[in-house]
Amino acid sequence: MRRVVVLAASGAVAAGLAAFVLLLPGDGTPGSSGTAQAGRAARAAAPGPADPLTTEEIQRAGALATAGMRSHLAAGRAHLLYVERDDGKDGEGSRRAEAYVYDYARDELTVRTVDLGEGRVIREVTDTGVQPPPSRQEEARAAELLLRDPRLGDGVRSAYRRAAGRELGSAADLALRGLIHAAPRGACARHRCLRLFVRLPDGTFLDTSRIVVDLSAKKVHTLEW
C-alpha cells in the first residue's frame, strides 16, 4: 500500500504544481516561466535512490531482465518471479532493481541487476538449489495443475461445491497460499515444488497436507506418510 500511496501523492503534487504554473505571470518570454516550473515539478516528482520502485520501473526492469528469453517465458519454461529494489552499497546514488528469474528446464535461479538510469543489465548471478518464495502466478499455476489431476481435481471441485453452493469456475476462484517444498531426495530435491494451502468460501481449508505440485515437471505428487 505504501508504494501506491507514494505514487498517488506524487501524482497529486505534480498536478497541483502544473496548475500553479499556468497561473504564474511570464517574464516576457512566451512559455519560459511555465517551462521552468514544469521542469522543477518533474524533478521534484522523480523518485530518489532510496525510494521504492515505481510501477513503471518494475515493469521496465522486468522487460530489460527478460529481453532475450521472451519465448521461454511465453512457453512456461521460465518465469519472472518478482522485481525488487537493489539495496547493495555499490548502487548508492543510482536507481537499480533486481529481477529474479527461474528456469524450470534447468532448475536454475538467475538474479539480474538492472541499472534503470542506463537501461541495461549490469550484473547476473545464476545458481542452483536456491528456491525463493513462490510468486502469485506460480500459486495460480500450481492450482491449475491440481485441478487438471483426474482424481484430485474432482475432489477440489466437490469440496468447493459443498462450501460455496456453486460450481468452481477456475483456479482464480480459490484463495491460495503457496510454500516451497524442499525434499532431501526425489524429484523435489532438484525441482521447484510447491505445497498449496487452499481456503474455501465458507472459511474452511481444503486438506492438501499430502499434496505437492512440481512446477518443473508439471506434475502433482501425493506424499506417503
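Is Phe205 buried or exposed? Select Phe205 and find out: Phe205 is exposed, because its relative accessible area is 55% (buried means under 20% relative accessible area, exposed over 50%, partly exposed in between, with a 1.4 Å probe and protein chains only).

Before you click on, some housekeeping. This is a predicted model, where local features need pLDDT of at least 70 and side-chain atom pairs count only at pLDDT 80 or more, while totals for chains, interfaces and linings use all residues. Residues are numbered from 1 along each chain as its sequence is written, and side-chain values use heavy atoms, with hydrogens and water left out.

**Stop 1: around Phe205**

Phe205 sits in the loop between β6 and β7 (helices, H or I with at least four residues, and strands, E with at least two, are DSSP runs numbered from the N terminus).

**Stop 2**

Now switch to cartoon. You'll see an open sheet of four strands in the order β5-β6-β7-β8, paired antiparallel (two strands pair if DSSP finds at least two bridges between them). The edge strands, each pairing on one side only, are β5 (175-180) and β8 (219-222). Neighbouring strands here are turned by 35° against each other on average, direction ignored (axes are lines fitted to C-alpha atoms, for helices over the stretch in contact, with angles from 0 to 180 degrees between N-to-C directions).

Zoom in on β6 (residues 193-199) and β7 (residues 211-214), which pair in the antiparallel sense over two bridges. Pick Leu194 and look across: Val213 in β7 stands opposite.

**Stop 3: the sheet β1 to β4**

Next up is another open sheet of four strands, ordered β1-β2-β3-β4 and again with antiparallel pairing. β1 and β4 (120-128) stand at the edges with a single partner strand each, so one side of each is left without a neighbour in the sheet. From one strand to the next, the twist averages 20°.

Strand β3 (residues 108-115) pairs with β4 in the antiparallel sense over eight bridges. For a landmark, select Thr113, which stands opposite Arg123 in β4.

Then go to Asp86, in the loop between β1 and β2. Asp86 counts as buried because its relative accessible area is 10%.

**Stop 4: tyrosine rings**

How many aromatic pairs does a search of the whole structure find? Two (rings of Phe, Tyr and Trp, its six-membered ring, pair if their centres lie within 6.5 Å; planes under 30 degrees apart count as stacked, over 60 as edge-to-face and the rest as tilted).

Show Tyr82 and Tyr100: the ring centres are 5.5 Å apart and the planes are at 55°, so this pair is tilted. The pair links distant parts of the chain, with Tyr82 in β1 (residues 78-85) and Tyr100 in β2 (residues 96-103), 18 residues apart. Tyr82 is partly exposed at 27% relative accessibility, and Tyr100 is buried at 15%.

The other pair is Tyr102 with Tyr104, also tilted, at 5.4 Å centre to centre and 55° between the planes. Both Tyr102 and Tyr104 are buried.

**Stop 5: salt bridges**

A search of the whole structure turns up 14 salt bridges (a side-chain nitrogen of Lys or Arg within 4 Å of a carboxyl oxygen of Asp or Glu).

- Select Arg112 and Glu124: their closest N and O atoms are 2.9 Å apart. Arg112 is in β3 and Glu124 in β4, so the pair ties together parts 12 residues apart in sequence. Arg112 is buried at 15% relative accessibility, whereas Glu124 is partly exposed at 46%.
- Select Arg192 and Glu138, which meet at 2.7 Å, N to O. Arg192 lies in the loop between β5 and β6 and Glu138 in helix α5 (residues 136-148), 54 residues apart. Both Arg192 and Glu138 are buried.
- Select Arg161 and Glu167, a salt bridge at 2.7 Å, N to O. Arg161 is partly exposed at 35% relative accessibility.
- Finish with Arg136, Glu139 and Arg177, linked in a network of salt bridges.
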